[in-house]
Structure formats: C-alpha cells, structure tokens
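Please consult the sequence and the structure alongside the text.

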Amino acid sequence: MRIHGKIVVIAVCFGVFLLLYFLGGNAADDPLLKEVVEEEEEEDGNSSRSLSELGRDVVAAKFAKKPAAGVGARTEELLRRRKAERAINRGASVNAKSNVAQPMTRRPRAEEVMHLAVVACGNRLDETLAMVKSALLFSLKRIMFHIFAEDPLAPQFEERLNRWPRSVSAKFQYSIYPITFSVGNADEWKKLFKPCAAQRLFLPIILKDVDSLLYVDTDVLFLRPMDDIWSLLKSFNSTQLAAMAPEHEVPKIGWYSRFARHPYYGVTGLNSGVMLMNLTRIRSTMFKNSMIPSGLSWEDLLHPLYQKYKNHITWGDQDLLNIIFHYNPECLFTFPCQWNYRPDHCMYGSNCKGAEDKGVSILHGNRGVYHDDKQPAFKVVYDAIREFHFEDNMFQSLFYPMQTKFLDTVNTLCGRIPQVFLKQIEKTMRKVYEEKVIRHVRPHK
C-alpha cells in the first residue's frame, strides 16, 4: 500500500511536469511570442518584461476561454501595426544609410589633368609641335595644353593639331591664347628677350582658373612621362610655389656667378626653361623685394621690378625670376639638372651627374642646337621625334634610328656619352610597350 501510494505521487508529479513543459514550451516557441519580444525591445528600448512574463501573457491569452479571442485579436492587431511601423522604419534607414542597405554605386574619380603651357612666336611652330608630340608619346594622364601664340601662328597650330590621329587627340585638349601683357608697356615686354618670352611671367594672372602648371620653352623635349615631373608638385613644402633647375652645376663656368649685375638665386642662378608652378600659391603670396618693405603681390611686382633692373638684365624674364627668388628663396623648390638638360651640361665636359646616373628626363635644346650642327647629339633626338609618325612602332621607328644616328656623334663632347640621352627614353618606351602590348596579350588564367 505504501509502495502504491508512492507510485501514485510520482505519476501525479510527472503529469504536472509534462503539463507545465507543454504549456511553457509551446509558449516559448510560439513565433507570435518571439515577434512580441523583438518588437518590445526595439520599440521600448528596455527589457523590464522578462521572457517568462511575456510567455505567461501569451499562454493565458491562448488558453483562457472567453478572454482568449479578445487578447489574441488585440495581439495580432498590435503585431500588424508594429510590422507596418517596422517596414516604415526600415525604409527610412535605407534612405539614411544607402551605402549600407543598398548596393553602393561608386562615382568614378575625376581624372587628373596635367596643365602644360608654352609661348610660341616667330618661326617656332614646328619646334613647339615637336615638344607637344614628345609629351604625348610617353605621358599617362591627359594633358591640357595652353598655347600662347602670335596671331599668324594660331590657325596653323589649330590645323596641325586637329590633323593628328583620333587615338592621340583623345589624350589631350588645347586652348590657344593671344600674346597679352596686363601691366606696363606691351611692346617693351614683347621685346624683353626672345620674342614673347616674357609672357610666362603673366601666366598666374591670365590663367586664373588653373591651380598648377608646367611651363616649358618651345625647344624642350620630354624623354619620359610628363607625369613624373608633375608629381614633384607633391614634394613642395608649405612655402614653396615654383620649381626650377639651377642655371649651372659648376660656379666657375656659370654665367650668373661670373657676369650677373643683379641679384640672383643661390650660387649659380636659375634656368627658367622648365618651370613648375603652383599658380594658386603664387597669386596669394606677398613677395619680399628691394623696393617696398611690406611686400608685393605677383601682379604688382612685375612692372616695378622691370623698371628698376631693365638696364642690368641680360636674359630678360629669366633674370627677373632670379631676382624674385633671390629675395624669396623659401618659395622655390629646385630639381636636379636631368630635368632641364642643356648643351651647357656637356659641351664643356659632362657636369650633370644626375643625367649620367639616371639619364636625361627633359632635354632643353637652347642655343639653337636643334637647327645647326654644333651639338649633333641634341639634333639627333629632335629630328627623330619630329619625324616620328604616331601610328609607327616606337622601337622600330624612333628608338633604333636614334640609337644608330648617335654613332655619328661620338666625336663630340655631348655625343660621346649617348647613354645619357638614351637611357630614359628606352626605359620609358619599354614601360609603355609592357603596359599597352604585353599586358593585353597575356593569357587569362
């Protein structure tokens, strides 16, 4: 009897346990409960009602005889309302954070364009076009050419540039400007040195919408991408606003160190045939000078400076630039001689170590050496680029003929080191070939 009573008690306890388990388990697993829990936590931001309390409410509503229908209806209505609110909130969240909730559409980054300026007067049409061609042959980014030309030359530039193949014209744009001088006597400025050369002094004033610019003389040739010298803008410190190369490497044979009758920059002065400029900084700087203690803006400085030194300058606008940076040396970044390699670097013996080590980056054929036989090494490079057709293979029609013709120049001081002229151009052409040919024919894995 005692054993029978124990069995009955155990059976009753087990039955109660099953009943509680059934009620609690169904309530906990009920999706209605889960949604209520989630919505309560999202809406109220607190967890004061525990899962068991919510479970009891839902179970009571589920199993009560009369209130069940009312509670169920209210609960379903609550859930429908909260689902609708949640959908609205999700829509607002998508609008507020579209880069997370929607596929992100990347805007293409604006392509950087390099700006190159040149001033051409007289018979400099072909020389200028050879310079433009050399820049386009090797450069990677698009180039905007700012061509300042006398009136008779303007239509000739337009006609010749528009004749180039579409594959080339897609790499550049150009604007042609008249020769203008905003201050002082225009005829004086025009005749200051070579015809129109002083125009470069007025570029910051004329090109007001251009931030940075590379100016080159017409007798300049690029033997590597313009992108490389353009990147030197990033090397400027907070006060530097222009970059040039020294006029010479050796003071005892330099012109400024021996003959100048005016202030000049550094030990040997500057050559302005290749000049990299941050025009924005130039326009906003007050330049120290020997005339006004408070400083002058670039535009206000040019004419008084010319009036003061016009009887003492020989090289025109280049001398004025030397005077400006003599008083403002902190504004100048100097780049090495291989970025402005001239006959002076080899006609008295090789004195540009940078070109010997790395090759010429920019060739500057001043002294008219592209058009006479005094320095045939310079003429070989100029003729090869001028005669090259864009559709031809660069190695076969440009580099190899140039290399062969250098054999005729080995008896000259500049021609005896042909690797100085050929090193960068060969390296650049190989890189262009690898990028345009090898990369496209390599089989896909």
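In helix 17, Val380, Val381, Ala384, Ile385 and Glu387 meet Leu398, Met402 and Lys405 of helix 18, where contact means heavy atoms within 4.5 Å. Sorted by class, this contact of helix 17 with helix 18 comprises six nonpolar, no polar and two charged residues; Ala, Val, Leu, Ile, Met, Phe, Trp, Tyr, Cys and Pro count as nonpolar, Asp, Glu, Lys and Arg as charged, and the others, Gly among them, as polar. The model is predicted: local features need pLDDT of at least 70 and side-chain atom pairs count only at pLDDT 80 or more, whereas totals for chains, interfaces and linings use all residues. Residues are numbered from 1 along each chain as its sequence is written, and side-chain values use heavy atoms, with hydrogens and water left out.

Helices (H or I, at least four residues) and strands (E, at least two) are DSSP runs, numbered from the N terminus. Helix 17 (residues 376-387) packs with helix 18 (residues 394-405) at an angle of about 155 degrees, their axes lying 10 Å apart. Axes are lines fitted to C-alpha atoms, for helices over the stretch in contact, and angles run from 0 to 180 degrees between N-to-C directions. Helix 17 and helix 18 are therefore roughly antiparallel; angles under 35 degrees count as roughly parallel, over 145 as roughly antiparallel, 65 to 115 as roughly perpendicular and the rest as oblique.

Helix 17 also packs with helix 6 (residues 125-138), at an angle of about 80 degrees and with the axes 9 Å apart. These two helices, helix 6 and helix 17, are therefore roughly perpendicular. Helix 6 contributes Asp126, Glu127, Ala130, Lys133 and Ser134 to the contact, and helix 17 contributes Tyr382, Ile385 and Arg386. By class, the contact of helix 6 with helix 17 has three nonpolar, one polar and four charged residues.

Seven strands form an open sheet in the order 3-2-1-4-7-6-8, with mixed pairing; two strands pair if DSSP finds at least two bridges between them. Strand 3 (172-177) and strand 8 are the edge strands, each pairing on one side only. From one strand to the next, the twist averages 25 degrees. Helix 7 (residues 154-161) packs on the sheet, touching strand 1 (113-120), strand 2 (142-149) and strand 3, and its direction makes about 170 degrees with that of strand 3.

Strand 7 runs antiparallel to strand 4 (residues 212-216), to which five bridges join it; here serine 212 stands opposite asparagine 278. Strand 7 is also antiparallel to strand 6 (residues 242-246), through four bridges, and alanine 243 has leucine 276 as its bridge partner. Nine of the nine residues of strand 7 (residues 270-278) are buried, so this strand is largely enclosed by the rest of the structure. Buried means under 20% relative accessible area, exposed over 50% and partly exposed in between (1.4 Å probe, protein chains only).

Helix 15 (residues 317-327) lies across strand 6, strand 7 and strand 8, running at about 65 degrees to strand 7. Helix 15 is largely enclosed by the rest of the structure, because nine of its 11 residues are buried. The buried residues of helix 15 pack against helix 9 (186-190), strand 6, helix 12 (255-259), strand 7, helix 14 (298-309) and strand 8.
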